[in-house]
Amino acid sequence: MAEEMVSKNFIEQEIDKDLREGVYDHVCTRFPPEPNGYLHIGHAKSILLNYGLAQEYGGTFHMRFDDTNPTKEKTEFVDSIKEDIQWLGADWKEHLYFASDYFDAMYECAVKLIKKGKAFVCDLTADEIREYRGTLKEPGKESPYRNRTVEENLELFENMREGKYADGEKVLRAKIDMASPNINMRDPVIYRVARMSHHNTGDKWCIYPMYDFAHPIEDAVEGITHSICTLEFEDHRPLYDWVVRECEFENPPRQIEFAKMYLTNVVTGKRYIKKLVEDKIVDGWDDPRLVTIAALRRRGFTPESIKMFVDLCGVSKAQSSVDYAMLEYCIREDLKLKRPRMMAVLDPIRLVIDNYPEGEVEYLDAPNNLENEELGSRKVPFCRELYIEREDFMENPPKKYFRLFPGNEVRLMNAYFVKCVDFEKDEDGNITVVHCTYDPETKSGSGFEGRKVKGTIHWVAAPVAVKATARLYENLVDEEKGVYNKEDGSLNLNPNSLTVKEIYVEPNFKDVKPYDSFQFVRQGYFCVDAHDSRPDALVFNRIVSLKSSFRLPK
């Protein structure tokens, strides 16, 4: 039993204790995003944690949109969030909810608090409320409107609902303790006047609840047992507990906080991403240089790789940062046995085999994945003219360069030995064509045991090669300068975050679909872009290079 407890994270230990002591007889968790932007990698941790706990304890998982602030919310964000969560594999089944569905219940809770003398209508402005709140060292000052009668407060609150006041003219505040050491408990605002159309309720309401009031009510109405949230809500927990207690909910939910996941050198703030989108620095919330879940999916990350990443990060109370290289490690680990290894040339020059018969094409066997024989093999066309990588030929090579140079012999992958006999240059001195001869006795798989070569290079047959586009990504921000400019808070952008190349790929790519991914020999893992790729104009996003210096800590 002791070993089992040690292997569980602190949240699981708290849930075990609650079940053992009869506080709850089941587990119900939720993921409650505000639909004011796309979800990012940090949200993935919360989604998978809440869903995983519900699965582990045979409980229920709720998906709820916390849509209490119509100023920033859009249906576009609602749709994107649903898609992201389903893609990650978290299944809410019939439990899809909107906080706005509970606006009537929240209003009734507010009325109950007024009747209990626990809430009052206040005429102070937002600036005055801030001024009256006090500081971390000094207590706050009570509002001059704090002692209005219950009857007066009920009438004023009803007038607020009926639209008799301008935005900001009056608010409803909880009556708790202006001397509390916790500033969140100093008579917080729980309702405000805001004349805005809501994406779900239209123009039914002109008053809207504040998050700290609405959230505990949503949890309580839905029967959530454990409200798992991030550490910045720890100081809000006394208010959370006050709301569910004073509103007299039975079996109230329990809030437990864990540390957020921070990734080094990435942009996760919605405000910054929104600006990048609006300034057209990226091509949308799902630009593959971002770490929104939609962007990671478009770039070619898999749900399995993100789950592996979240599991490796673990759950704790301690704030820490995780290197982006660990996320790249996870996608490599996930793809290396699953995806075929195909040939693509990213910086092409022409190679001509002078002694190969003109017009002849033969089809050679190529294994799809050397580490996973179950993926089988495919036929690759081979002929007299090929494309190879520019870096695979050098006129004057350094020592230990084992690829093509005048007089040297290499193996063409899955094909023959070829020996460089000549080359051509353009007027600027750039290599344009490499001439070779081949040895027909050296066919791959033929059992040839003669001389050895030290280099193997990949290629595609020029006459049937498919022209495509490759997008190579680097970090969106300048890693040496850090994400944010210390002087003005702007982003330190990397001007080389995207490189676009016209490439050639083998003809076996012709039937690929969006999100299909492959290993390009020696170049990395690539994914078919879901937006811009067409059957007659393929576009590949590089997910990750093949190698990294990252190693998991032991």
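Predicted model: local features only at pLDDT ≥ 70, side-chain atom pairs only at ≥ 80, totals over all residues.
Trainee: Let us begin with H2 and H3. At what angle do their axes cross?

Mentor: The axes of helix H2, residues 10–20, and helix H3, residues 41–56, cross at roughly 40 degrees and come within 12 Å. That angle makes H2 oblique to H3.

Trainee: Is the crossing left-handed or right-handed, and which residues make the contact?

Mentor: The crossing of H2 and H3 is right-handed. H2 contributes Ile11, Glu12 and Ile15, while H3 contributes Leu49, Leu53 and Glu56. Classified by type, the contact of H2 with H3 has four nonpolar residues, two charged residues and no polar ones.

Trainee: What about H5 and H8: how do they cross?

Mentor: Helix H5 (residues 103–115) and helix H8 (residues 211–222) have axes that come within 10 Å and cross at roughly 110 degrees. H5 is therefore roughly perpendicular to H8. This crossing of H5 and H8 is also described as right-handed.

Trainee: Which residues meet there?

Mentor: On the H5 side they are Met106, Cys109, Ala110 and Leu113; on the H8 side they are Phe213, Ala214, Ile217 and Glu218. The contact of H5 with H8 has seven nonpolar residues, one charged residue and no polar ones.

Trainee: Now the sheets. What is the strand order in the one that contains E12 and E13?

Mentor: That open sheet has seven strands in the order E12-E25-E26-E27-E23-E24-E13, and the pairing is mixed. Its edge strands are E12 (341–342) and E13 (344–345), each of which pairs on one side only.

Trainee: How does E13 pair with E24?

Mentor: E13 and strand E24, residues 498–505, pair in the antiparallel sense over two bridges. Ala344 stands opposite Val505 in E24.

Trainee: Which helix packs on that sheet?

Mentor: Helix H13 (residues 324–335) does, touching strands E25 (517–520), E26 (524–528) and E27 (538–544). The direction of H13 makes about 115 degrees with that of E27.

Trainee: How does H13 pack with H12?

Mentor: Helix H12, residues 303–313, and H13 pack at an angle of about 130 degrees, with their axes 8 Å apart. This makes H12 oblique to H13, and the crossing of H12 and H13 is right-handed. Glu304, Ser305, Met308, Phe309, Leu312 and Cys313 of H12 meet Met326, Leu327, Tyr329, Cys330, Ile331, Glu333 and Asp334 of H13. The residues of this contact of H12 with H13 divide into nine nonpolar, three charged and one polar.

Trainee: Finally, which strands stand at the edges of the sheet with E21 and E22?

Mentor: That is an open sheet of seven strands with mixed pairing, ordered E21-E18-E19-E20-E14-E17-E22. E21 (456–457) and E22 (460–461) stand at the edges with a single partner strand each, so one side of each is left without a neighbour in the sheet.

Trainee: In what sense do E18 and E21 pair?

Mentor: Strand E18 (residues 409–412) and E21 pair in the parallel sense over two bridges. The bridge partner of Arg411 in E21 is Thr456.

Note on methods:
Residues numbered from 1 in each chain as written. Heavy atoms only, no water. Axes fitted to C-alpha atoms, helices over the stretch in contact; angles between N-to-C directions. Helix = DSSP H or I, 4+ residues; strand = E, 2+ residues; numbered from the N terminus. Parallel < 35°, antiparallel > 145°, perpendicular 65-115°, else oblique. Left-handed = near helix turned anticlockwise from the far one by under 90°. Contact = heavy atoms within 4.5 Å. Nonpolar A, V, L, I, M, F, W, Y, C, P; charged D, E, K, R; others polar. Pairing = 2+ DSSP bridges.
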